[in-house]
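Please look over the sequence and the structure below before reading on. The paragraphs after them are meant as a guided walk for someone meeting this structure for the first time.

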Amino acid sequence: MTQTNQDIAVAIETAHSQPSEPESLAAALRAQKIDVELIESTASFPAVVKLNAADWGNAAAAASAAKWRWAGVWADDCVSELKVYSCLQKNNTYLILQTQLRPGQTGLTSQAPYFWAADRPERHTQDLFGIRFEDHPDPRRWTRHQAWPQGSYPLRKSFPASGLSQAETAPDHEYPFLEANGDSVYQIPVGPVHAGIIEPGHFRFQAIGETVLHLEERLGYVHKGIEKISEGRDPAGLARLAGRVSGDCTVAHAWAACLAMERAAGFEAPPRAAFLRGIMAERERIGNHLWDMAALCNDVGFAFAYYQFGRLRELWLRENQSVFGHRLLMDRIVPGGVISDISSQTNRLMRESVTTIRGEVNELLTILDYNSSLEDRFIGAGMLSVELADALGALGFVGRASGQTFDARAHIPYAPYDSLQVRVPVESQGDVASRFWVRYKELRESFHLIEALLDTMPYGDVSLSWQAPAAGAQGFAAIESWRGEVLCFVRFDGDNAVSRYWPRDPSAVNWPALEKLVLGNIVPDFPVCNKSVNASYSGHDL
């Protein structure tokens with residue numbers, strides 16, 4: 001054996017001897033006399049650390065100390081017990097913490113003291129399952145807006161999917177916002193009904209003069225009961241429902257749901273279908289970034305750029321319609337594959353449009369770069385520091401504009417990205433300008449990825465016949481949407497019926513970032529700060 005080969009052999013042996021990230025966390029918990037069971041990852045599910053309910057908070061403390069990122073929490077009513085899951089991510093690995101609550105046992109230590117991102121998701125779980133998260137820093141309700149009585153929990157199996165009659169509901173009292181105190185401090189309530197045609201959300205500002213001292217959000221006004229009405233659906237029905245969690249992320253959510261179901265059923269969509277899913281996801285990313293860049297320019301009065309970016313987006317959506325049959329690509333992804341294929345002619349047309357629109361975007365960015373009035377409104381506004389973005393677990397372009405490098409396509413890749421090199425643009429200034437430029441850089445990367453996917457598109461089927469999974473089969477998936485990481489958990493009952501569907505939109509993580517980055521800005525800059533984050537009300541309000 002040559003010296004080089006010896007070095008390679010030693011490196012491989014060393015790598016195999018090193019504990020994995022889940023093994024390291026499990027070992028750290030055992031060192032604290034915490035009883036855990038580590039279940040290795042499978043094709044359908046990440047590694048799972050099972051632990052007693054009493055150790056739920058201790059596990060979060062250990063994970064936080066080991067620099068894991070908290071990504072989500074969900075519960076599952078299995079009739080005989082409530083199972084609770086918490087998703088963590090570190091490097092190229094997901095890990096699921098799991099515990100059980102026996103009948104009558106409803107208390108669980110909160111993980112929010114160790115992870116800011118757990119705040120509202122735990123409150124959502126408390127409102128819909130009745131799980132009390134003890135030591136939670138904010139005990140206020142979050143999701144319940146007059147839709148069901150106090151003491152009723154819609155995601156319990158005993159709660160009817162049809163809901164309750166008006167006579168059975170109990171109106172909420174006024175939400176207890178933080179009160180303004182002190183000389184010259186005043187409150188500005190905005191929403192939930194806004195001047196524009198947008199979804200409802202309430203923003204309560206505390207200010208002195210024009211300077212924002214505090215912002216508190218109140219969401220949940222468009223809570224749709226997605227998780228409840230998913231129960232009993234067949235896979236095709238769940239895919240359609242998932243595509244409506246947030247309409248501008250229809251590709252990402254449908255893909256996540258289908259991938260989770262496919263993993264639960266133990267089969268893969270054809271390679272050509274994976275490539276087509278990737279093309280649609282990148283087209284969704286491009287269309288939304290173009291529209292956000294237009295809206296950001298419009299918010300500071302630069303109408304020229306608003307019209308030009310809007311024009312390019314319209315051309316892009318029209319091509320979606322002509323190639324795939326839907327402007328927003330809704331219902332194109334189905335369990336087992338996709339419903340739309342492309343021909344050699346449409347392959348060529350898409351290449352041409354990529355070249356044309358990329359050229360126009362580059363010209364527009366040159367104009368914007370020399371516009372001092374635009375820079376005056378963007379640079380330094382809405383600063384989110386690298387440290388704060390890390391503590392919040394900020395995702396997508398919001399996180400990447402503040403030094404966060406995670407992108408599921410690159411770090412935990414899935415087909416077709418596992419055959420591509422995804423370059424992740426990162427800025428560190430964390431202001432509106434950085435979030436604008438990260439969008440532009442992501443546009444360029446998406447154009448490149450579409451060309452690479454078209455160049456290497458395999459031949460073959462675009463869908464497979466669905467294979468019903470076994471009762472109790474479950475799957476987990478993570479898809480990088482244009483806003484950031486979408487997570488999905490699916491568990492099946494018998495007869496090919498969905499028992500539990502949990503989607504987590506990146507907006508659930510990024511909304512709190514808006515509350516932080518607007519502090520110290522003037523009230524008139526809130527619209528551009530808000531648009532620079534562009535979190536989804538609908539994606540949050542499941």
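This is a predicted model: local features need pLDDT of at least 70, side-chain atom pairs count only at pLDDT 80 or more; totals for chains, interfaces and linings use all residues.

Strand E14, which covers residues 485–492, runs antiparallel to E15 and is joined to E15 by 6 bridges; in E15, Trp502 is the bridge partner of Phe489.

Both Phe489 and Trp502 also belong to an aromatic cluster, which they form together with Phe45, Trp74, Tyr85, Tyr94 and Phe476. Across the whole structure, a search finds 26 aromatic pairs. In one of them, the ring centres of Trp74 and Phe476 lie 6.4 Å apart with the planes at 20 degrees, so this pair is stacked, as planes under 30 degrees apart count as such. Because Trp74 lies in strand E3 (residues 69–77) and Phe476 in strand E13, the pair ties together parts that are 402 residues apart in sequence. Trp74 is buried, its relative accessible area being 1%, and Phe476 counts as buried too, at 3% relative accessibility. The rings of Phe302 and Phe304, by contrast, have centres 6.2 Å apart and planes at 40 degrees, so that pair is tilted. Here Phe302 counts as buried at 17% relative accessibility, whereas Phe304, with a relative accessible area of 39%, is partly exposed.

Turning to open space, the largest pocket holds about 1200 Å³, and of the 44 residues that line the largest pocket, Ile197, Ile198, Lys531, Asn534 and Tyr537 are the closest to its centre. Helix H8 provides the largest share of this lining, with 9 residues, while the elements supplying at least two residues each also include strand E8 (185–190) and helix H17 (526–533). By type, the lining of the largest pocket divides into 21 nonpolar, 12 polar and 11 charged residues.

The second largest pocket has a volume of about 830 Å³ and is lined by 36 residues, among which Thr42, Ala43, Arg263, Pro413 and Tyr414 lie nearest its centre. The elements giving two or more residues to the lining of the second largest pocket include E13 and H8, and H8 gives the most, with 5 residues. This second lining is made up of 22 nonpolar, 7 polar and 7 charged residues.

Methods. Residues are numbered from 1 along each chain as its sequence is written. Side-chain values use heavy atoms; hydrogens and water are left out. Two strands pair if DSSP finds at least two bridges between them. Helices (H or I, at least four residues) and strands (E, at least two) are DSSP runs, numbered from the N terminus. On a 1 Å grid over the protein atoms alone, a cavity is a set of points where a 1.4 Å probe fits but cannot get out, and a pocket is an open set with protein on both sides within 12 Å along at least five of seven lines; lining residues have an atom within 4 Å of a point. Grid points are joined across faces, edges and corners, and a volume is the space filled by probe spheres set on the points. Ala, Val, Leu, Ile, Met, Phe, Trp, Tyr, Cys and Pro count as nonpolar, Asp, Glu, Lys and Arg as charged, and the others, Gly among them, as polar. Rings of Phe, Tyr and Trp (its six-membered ring) pair if their centres lie within 6.5 Å; planes under 30 degrees apart count as stacked, over 60 as edge-to-face and the rest as tilted. Buried means under 20% relative accessible area, exposed over 50%, partly exposed in between (1.4 Å probe, protein chains only).
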